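Subject: Structure for your review

Dear colleague,

Please find below the structure that I am handing over to you.

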Amino acid sequence: MFELLGIPPQALFGQLLIGLINGAFYAMLSLGLAVIFGLLNIINFTHGAQYMMGAFVAWFLLNSALGLNYWWALLIAPIVVGITGIVIERLLLKRIYKLDHLYGLLLTFGLALVIEGLFRNYYGSTGLPYSIPPQLAGGHNLGFMFLPNYRAWVIVFSLAVCLGTWFVIERTSLGATLRAATENPTLVQAFGINVPRLITVTYGFGVGLAALAGVLAAPIYQVSPLMGSQIIIVVFAVVVIGGMGSIMGAIVSGFGLGVIEGLTKVFYPEASNTVIFVIMAIVLLVRPAGLFGRAR
Amino acid sequence: MPEAAVMAKELLKVRDLHAWYGESHILHGMSFDVGEGEVVTLLGRNGAGKTTTMKAIMGIVGQRKGSVVFEGTETIGLGSNRIARLGIAYCPEERGIFASLDVEENLMLPPAVRPGGMSIEEIHAIFPNLKERRRSQGTKLSGGEQQMLAIGRILRTGARLLLLDEPTEGLAPVIVQQIGNVIRTLKTKGFTILLVEQNFRFAATVADRHYVVEHGRVIDHIRNEDIPANMDRLHEYLGV
């Protein structure tokens, strides 16, 4: 049995796995933030609350009279929460695009507090249980570690969603329109494209991604009104490190920072809660636009 | 021969067009016509309101008033995407090439608004450079190539009226000549073109008629064949 710097391999791989799981959520959430920021120029502070709403919709579906399971939730929750996002965009966000960034921050942060407050009022702050779907229960012994099936599923699925999103934005004509509208919305509209509608749909999509992450998270973390605000602070640091608005930056730094955080828990546990913020500070000093960001 | 028989069918009719950027009132009642199949220029000094006129036709100024009729449809109340869908395409002065798109994506970006647009092959035949460099980042092209890309991409859309804002600005004489050839080719293909120019020597090689713009108004109208007789007037207007 080998040891690395006095660390048993089970502990090392265990933390690596936890790091990858956290990284999967960081990546999906920061991806949504990056897509939204790119086109709307708004930092969506409601993102954590929308992630939490995704988990709650999964819980409602399961515990409602319909009794719809995890797989249905994976489909329905992003759509339902995405539609609430579209309503928010049409009613509120579209009024502040021409104003300073600060208004976007105040509005989305305020919305997050309202949504979280409402859920806490009805469901308290202790979590509600949501069990792993039976198809993904159990796990495999890989020899050096035990890999629970559900966790493997989360990593693979979120990687697929992230890469799929990247492909659509960077390699299709819809994505080209989106990138062009990010650069010069006035000209894109003067070519005959309905840019306001594109913005609405994009916000709905980004919010849907958050809700999808919420469904994935429900069986791992408990379904709790506070789950969003716990993760979102780290996610903002991830977005800053990756570069605001950069799609690949959000994905790579999401997974990468999850792993770094996990490894820090093994080698220097005292720093595991702060390591991401230390990295953020260093990146801001060296590359203020982020690792993958273009200076605006 | 009666004059009316010579005049082409009216495609664009601008009447008493006013436009504002925030508080500043830039256009003070522009009025002019562009007939089907014509090449018409707006000449004038810097700051006369030529570019603003283009933007006002396209609906991308802060506020506009008056009347812009395209093929009998009043567009003054429409958003810029609706105006584009009627069949007007715009090539901005700063060219508007997207840095995050490659040449081909830039070329394919404007949606087709009408049937009968040019095919990619036809556009590549006019601008062979765009074919060679189709995987390059749009803004990595030379100034002349960017201008060709900016013109090329609006030919695909099937738009009948092209608004070209200073397509020769800052380009080498040999490229200016090429752009001139392109404009004449487009005219023979039946496109109608409204051109903004500061360089009337260039404008005279491509256009049928010229409107002189000053302080946001049309102050004179000169047919291309009358230019030699009106050199003194033009020099005075344009301060060259």
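Two strands are said to pair if DSSP finds at least two bridges between them. The model is a predicted one, and the notes below should be read with that in mind.

With that term in hand, we may begin with a hairpin in chain B. Strand β1 (residues 10-21) of chain B and strand β2 (residues 24-35) of chain B are antiparallel partners, joined over 9 bridges. One of the residues involved is B:H18, whose bridge partner in β2(B) is B:H28. The hairpin formed by β1(B) and β2(B) has 2 residues between the strands. In its turn, B:G22 has a positive phi of about 55°.

Opposite B:K13 one finds B:V69 in β4(B).

As background, strands of a sheet pair through backbone hydrogen bonds, either parallel or antiparallel. Strand β9 (residues 209-214) of chain B pairs with β10(B) in the antiparallel sense over 6 bridges, and B:E214 stands opposite B:R217 in β10(B). By contrast, β6(B) and β7(B) pair in the parallel sense over 4 bridges, with B:A89 opposite B:L162 in β7(B). The pairing of β7(B) with β8(B) is also parallel, over 5 bridges, and B:L163 stands opposite B:L194 in β8(B). Between β7(B) and β8(B), the chain passes through helix α8 (residues 173-188) of chain B, and this β-α-β crossover is right-handed.

How many of the residues of β7(B) are buried? The strand is mostly covered, with 5 of its 5 residues buried. On one side lie B:L161, B:L163 and B:D165, and on the other B:L162 and B:L164. Both faces of β7(B) are therefore covered, since the residues on each side are buried.

Helix α3 (residues 80-87) of chain B leads us towards the other chain. Its buried residues are B:S80, B:N81, B:I83, B:A84 and B:G87. These residues lie on the same side of α3(B), because they cover an arc of only 160° around the axis. They pack against α7 of chain A, together with α2 (50-58), β6 (88-91) and β7 (161-165) of chain B.

The contact between the chains takes 15 residues from chain A and 19 residues from chain B. On the side of chain A that touches chain B, α6 (173-183) and α7 (185-190) of chain A each supply at least two residues. The largest share of that side, 6 residues, comes from α6(A). By type, the residues of that side of chain A divide into 6 nonpolar, 7 polar and 2 charged.

Finally, I would draw your attention to one residue of chain A. A:A112 is found in helix α4 (residues 101-123) of chain A. Is A:A112 buried or exposed? A residue counts as buried if 20 or more other C-beta atoms lie within 10 Å of its own. A:A112 has 21 C-beta neighbours inside 10 Å, so A:A112 counts as buried. Leaving aside neighbours within four places in sequence, A:A112 is in contact with A:F45, A:T46, A:G48 and A:A49. The C-alpha atoms of A:A112 and A:M52 are separated by 10 Å, and these two residues are 60 residues apart along the chain.

Yours sincerely,
A colleague

Conventions: Residues numbered from 1 in each chain as written. Chains lettered and ligands numbered in written order. Predicted model: local features only at pLDDT ≥ 70, side-chain atom pairs only at ≥ 80, totals over all residues. Contact = placed C-beta atoms within 7 Å. Nonpolar A, V, L, I, M, F, W, Y, C, P; charged D, E, K, R; others polar. Buried ≥ 20, exposed ≤ 12 C-beta atoms within 10 Å, placed from the backbone. Arc of directions from axis to C-beta. Right-handed = clockwise from strand over helix to strand, strands pointing away.
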